[in-house]
Amino acid sequence: MKYAIEIENLTKNYGKHRGVDSIDLCVKEGEWFGFIGPNGAGKSTTIRTLLGLIKPTKGESRVFGLDSWKESERIMEGIGYLPSEAIFYPEMSVKETLDYALSFFKNKDKRRQEELCERFQLDTKRKVGELSYGNRKKVGIVSALQHSPSLLILDEPTGGLDPLMQREFFNVLEEEHKKGKTIFMSSHILSEIEHHAETAAFIRDGKIILKKEVAEIAKNSARRVTLRGSINVESLDGIKEVVKSKDGMSFLYSGESKLLIEALGRGEVKDFTVTEPDLEEVFLHYYK
Amino acid sequence: MNVYKRELKSGIKSFLIWTISIAAFIAICIGMFPEMKGKMDSVSDIFASMGAFSSAFGMDRLGLGTLLGFYSVECGTIMALGAALFASMVGSVMVGKEEKGRTAEFLFSLPIKREKVMGEKYLALITEMVVFHIIAFVISLLSILAIKEEIPMKELLLLHSSYLILTLCLATICFSLSTIPSCSSVGMGMGLVLFFYFFNLLANITEKIDWLKFLTPFSFTDGATIVLEKKLDWTLISVWVVISLLCLIYGFWNYKKRDLKS
């Protein structure tokens, strides 16, 4: 089996501060991989090591079988990278920025650039310094995709994008994935990973705490149920973290939806919501 | 040469401002010479007898009443100090601005080696400095022609060569130091140049401690020595070229091995 990304015992310390600690991770070629973790967990440190921007304290990381630190130039030829905060030279126009980025690659075909600018409704004449956060993100997306890389590394890719653009962005990613491209996507939004990735890893405090197929995570992950009124929770399996308030209750539920709906029907419920739990709750779900 | 071209393009505004300003100062300065020539004979005697002050600027050995004396003291100060400040200003931010402006993540996620980025940036810096000096030299010659004086070509070439070498040395040192994130600032570069400049004035005053002149690159641009001896001090120049090259090697090595800030 061929791997696009291989990380072995990777440790990165910034002086006394912890970056990541003894990480092991492999991403297969053609796989859509989700990398989930709260802010400061070590997601960006892992990505910056993969790109050869920082040197590992210990261990190693390889992309396409090449050492990230020693052969970053060769690796970059096949990577499209979208940073969480896309920052470019403010005095350049969007077109100049994209052309400048493309000029470094062997594939200098501009047709893909034009097509992507149209799909993301980018005004290429505007100066990058005048753009909003969301529009800069779109420039970053086009810059990452325009040279048709075989591996996409996306760090918090949807920040700043409106829902329509987010949908278009995932449409483009789905097309790339169908072409056999590998996608490594970091996010703290669980649903983004759940809906698109095949495999996911959770990182917390610099350590990988879970790596599983997304279907399995989704099957096991709980939902936060909040209701006004009351139901008999003892009749339900898969209930955790029950918190009762003056006029209602809240709990984590990982059982079958049908049983929950029946329990809600039997109880005295005025109103209820079922939401995706935040990451801390997912972690708790897995570690309690 | 993508980075090289981009650096030249992004630096064009400040290059034009500095080049036009320094060239205009030199032209004005030379333009004032015919007016001051007659008066300067008596003033030169006063300057020559002012002890430490005139020693600091080389006026104890060169008469301000001659074109070369006037040029090396007045225009020489403008050229050496102006060019050195320009070199430090450009050199001290050329590398560090990528991290300070947070564009390093964009640039280094493209397929280019760090050494190549450094090399092209350094080449852009050297190009700016050389073109700056060529323009300043041509303006000097035209200004001298305009005031109908004979051009002392050999001495002018020697003087301007020393200013060019000084500029290249200081640009290299500032460029190399700017690979250390905490040293990458215009203030740091300009501070270093002013320190060297004032140190040179002190070294000129205290002739008994001869080795002091090895501690500042301004010492090999001393107009009085160049004009009177009609040659450059290659010992001093060699010392500073070696120091600059060592700094450059350190700069490349440091930038290649260290983590880049996001």
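Helices and strands here are DSSP runs, numbered from the N terminus: a helix is H or I over at least four residues, and a strand is E over at least two. With that in hand, here are the close-ups, all taken from a predicted model.

**View 1. A cavity lined by parts of chain A and chain B.** This is the second largest cavity, and about 120 Å³ of space lies in it. Strand 6 and helix 5 of chain A, plus helix 6 (104–107) of chain B, each hand over at least two residues of its lining. There are 16 lining residues, and the ones nearest the centre are Tyr81(A), Pro83(A), Ser143(A), Phe106(B) and Ser109(B). By type, the lining of this second largest cavity splits into ten nonpolar, five polar and one charged. The count of cavities of 30 Å³ or more comes to three.

**View 2. The six-stranded open sheet of chain A.** Follow the strands across and you read the order 6-7-8-3-9-10, with mixed pairing. Which strands stand at the edges? They are strand 6 (79–82) and strand 10 (207–213) of chain A; each has a single partner strand, so one side of each is left without a neighbour in the sheet. From one strand to the next, the twist averages 15 degrees. Helix 5 (residues 133–145) of chain A packs on this sheet, touching strand 6 and strand 7 (151–155) of chain A. The direction of helix 5 makes about 170 degrees with that of strand 6 of chain A.

**View 3. Strand 3 beside strand 8 in chain A.**

**View 4. The four-stranded open sheet of chain A.** Here the order is 12-13-11-14, and the pairing is antiparallel. Strand 12 (239–244) and strand 14 (268–275) of chain A take the edges with a single partner strand each, so one side of each is left without a neighbour in the sheet. On average, neighbouring strands are turned by 20 degrees against each other, direction ignored. Strand 11 (residues 223–230) and strand 13 (residues 248–253) of chain A pair in the antiparallel sense over six bridges. Look for Arg223(A), which sits opposite Tyr253(A) in strand 13 of chain A.

**View 5. The largest pocket, with lining from both chain A and chain B.** This pocket has a volume of about 780 Å³. Its lining takes in 31 residues, with Glu91(A), Arg6(B), Lys9(B), Ser10(B) and Gly11(B) nearest the centre. Helix 3 (94–102) of chain A gives two or more residues, as do helix 1 (2–10), helix 2 (12–48), helix 4 (67–94) and helix 5 (97–100) of chain B. Which helix gives the largest share of the lining? That's helix 1 of chain B, with six residues. Sorted by type, the lining of the largest pocket has 13 nonpolar, seven polar and eleven charged residues.

**View 6. Helix 4 packed with helix 6 in chain A.** Helix 4 (residues 111–119) and helix 6 (residues 163–178) of chain A pack at an angle of about 145 degrees, and their axes are 11 Å apart. From helix 4 of chain A come Arg112(A), Leu116(A) and Arg119(A), and they meet residues of helix 6 of chain A that include Met165(A), Glu168(A) and Val172(A). This contact divides into three nonpolar, one polar and five charged residues.

**View 7. A salt bridge between Glu6(A) and Arg62(A).** The two side chains meet at 3.6 Å, N to O. The pair links distant parts of the chain, 56 residues apart: Glu6(A) belongs to strand 1 (residues 3–14) and Arg62(A) to strand 4 (residues 58–63) of chain A. Over all chains, the whole structure has 29 salt bridges.

Conventions. Residues are numbered from 1 along each chain as its sequence is written. Chains are lettered from A and ligands numbered from 1 in the order in which they are written. This is a predicted model: local features need pLDDT of at least 70, side-chain atom pairs count only at pLDDT 80 or more; totals for chains, interfaces and linings use all residues. Side-chain values use heavy atoms; hydrogens and water are left out. Two strands pair if DSSP finds at least two bridges between them. Axes are lines fitted to C-alpha atoms, for helices over the stretch in contact, and angles run from 0 to 180 degrees between N-to-C directions. Contact means heavy atoms within 4.5 Å. On a 1 Å grid over the protein atoms alone, a cavity is a set of points where a 1.4 Å probe fits but cannot get out, and a pocket is an open set with protein on both sides within 12 Å along at least five of seven lines; lining residues have an atom within 4 Å of a point. Grid points are joined across faces, edges and corners, and a volume is the space filled by probe spheres set on the points. Ala, Val, Leu, Ile, Met, Phe, Trp, Tyr, Cys and Pro count as nonpolar, Asp, Glu, Lys and Arg as charged, and the others, Gly among them, as polar. A salt bridge is a side-chain nitrogen of Lys or Arg within 4 Å of a carboxyl oxygen of Asp or Glu.
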